[in-house]
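These are my notebook entries on a structure that I had not examined before. I record below what I looked up, entry by entry.

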Amino acid sequence: MREFLLMDGYWAYVWSAWGLTLAVFVGLVFSARRHHRQAFRQAVAEEQAPRPLRAAVKELS
Amino acid sequence: MWIWFHKLGSPPHFYRTAGRLVPWFGIPALLLLIAGAVGGLAIAPPDYQQGDGFRIIYVHVPSAYIAMFGYVAMAVAAAVGLIWRMKLAFAFAAACAPVGAAFTFLALATGSIWGKPMWGVWWDWDGRMTSVLVLFFLYVGVMALRSAFDDASKGDRAAALLAIVGVVNIPIIKFSVDWWNTLHQPATIAKFSTPSITMDMLVWLLAMVVGYTLFFAAVVTMRLRGEVLLRERGARWIRELAAHA
Amino acid sequence: MSSTAQAMLALARRDLKAALRRWGELGLPLMFFVIVVTLFPLGLAPERDLLGSIGPGVLWVAALLASLLALEGLFRSDMEDGSMEQLILSPQPLVLLALVKALTHWVLTGLPLVVLTPLVAQAFYLPANATWILMLALLLATPTLSLIGALAAALTASLRRGAGILGILVLPLALPLLVFGARATDLAVQGQSAAGPLYLLAALLALAMTLAPLAIAAALRISVD
């Protein structure tokens, strides 16, 4: 186990490269989810805002 | 066939289908990446020159490949969008850019980390690394141009044109950088020659490459759904979707 | 003379006249070029060997940066006064008009830079034969740079704050010009034949002349509509 973690003395390089990769992968998943959530919120908000106005116009006419 | 195509082209249908596709990409990607990681880190034999230091290859090479693949995918989508005026293709190109840029960054960073023990420096003006750096700049340009426009459809088309110009230029840039590199022989001499890969090392690398590709597809599909929503703001089906949620 | 050629000439004449009326603006990129080049010896040391070895690279980077300065205004006034719409709607092929716009830009910014180079090259103790090669290389590279620049300017023509983004768009695409141009100059300084990189610069110019106008025309259509 110790030998595995030491990586022939290259442990700092091997683990930092793999660790960074893991971080970017996790980051990509989370940013994609956030992107979708924000887009959803924005797409819904844009629809709901003008509705009262449109309803008001309908009532007047 | 055509009915199917049209159905897929309709945003609500596409949005739903894409949502269902994500786990089909994501789960095999996860399995392959875990297999590749275990194989690459623990099972594959150490390189006879670099020892365990060569295990960075399993994260570096697939990143560099996705960096290129992502740009080409983006440029093809951009061309489709410009030629057939397809909103969906623009949405795909927009979804590709940040993911591809992230992998380009990763290729540079892991290459740099690998370079330190192998060449003795963090950065070497080596032809391949330099052209990946320029590829990163091209990604940044496409993303910056798209976000500079208030009008999303204009931004889409301008960024698409730039992506196509970039893809035409990549071979020229690559050639010039390689040419430049052969003239200025690097001062640092690599401590090791390029590792010759044996079969029991290659299997895990292939698993990683396929895993990366599927992961890329999964993340791009997730972002694509967001891009579709942004381009369909105010459509009735989104309101209905929100009402059901 | 065909009507297309007439239209191209008229467009070139109009742009040149308009630029000459504001000729103070025209000198700005040139002044910028001279100042940037002056900064290097001051930032380093006025040693002949050092300046001689970095000279070619510095001159090329400075030329690249200077060419960015004049880009922003390339299509701006046409966009604002509506003449760009006229150009697009005109029966003449927009591709050729785009080529004219880019080449006019070169005459106004690239060509003066080439003429100015022998003076500036003295700051880096460039030998006479290398100065000739440098001028020839710049003569081949600056039109390509104008074409790439015109494309970036066309893409950002409808943006209010387009200037910041221009550098990010132009510089990566201009990288081969820097590589070949600086190499040609370097070879000439060492007293070797610079034919190879000069041919490559000429090839890039031919490629840019054929492909860039198409892209510029497409970009203008996107910007206007």
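What percentage of the 225 residues of chain C count as buried? I find that 48% of them do, where a residue is buried if 20 or more other C-beta atoms, placed from the backbone, lie within 10 Å of its own, exposed if 12 or fewer, and partly exposed in between.

I note that this is a predicted model, in which local features need pLDDT of at least 70, side-chain atom pairs count only at pLDDT 80 or more, and totals for chains, interfaces and linings use all residues. Residues are numbered from 1 along each chain as its sequence is written, while chains are lettered from A and ligands numbered from 1 in the order in which they are written.

Chain C, secondary structure. I looked up its elements and found 9 helices and 0 strands; these are DSSP runs numbered from the N terminus, helices being H or I of at least four residues and strands E of at least two.

Chain C, extent. Along the principal axes, I read a box of roughly 55 × 30 × 30 Å for the C-alpha atoms.

Loops. I looked up Arg85(B) and found a phi near 50°, positive in a residue other than glycine. Arg85(B) sits in the loop between α3 (57–84) and α4 of chain B and is exposed, with 11 other C-beta atoms within 10 Å. Tyr125(C), also not a glycine, has a positive phi of about 55°. I located Tyr125(C) in the loop between α6 (94–121) and α7 (128–155) of chain C; with 15 C-beta neighbours inside 10 Å, Tyr125(C) counts as partly exposed. Most residues other than glycine have a negative phi.
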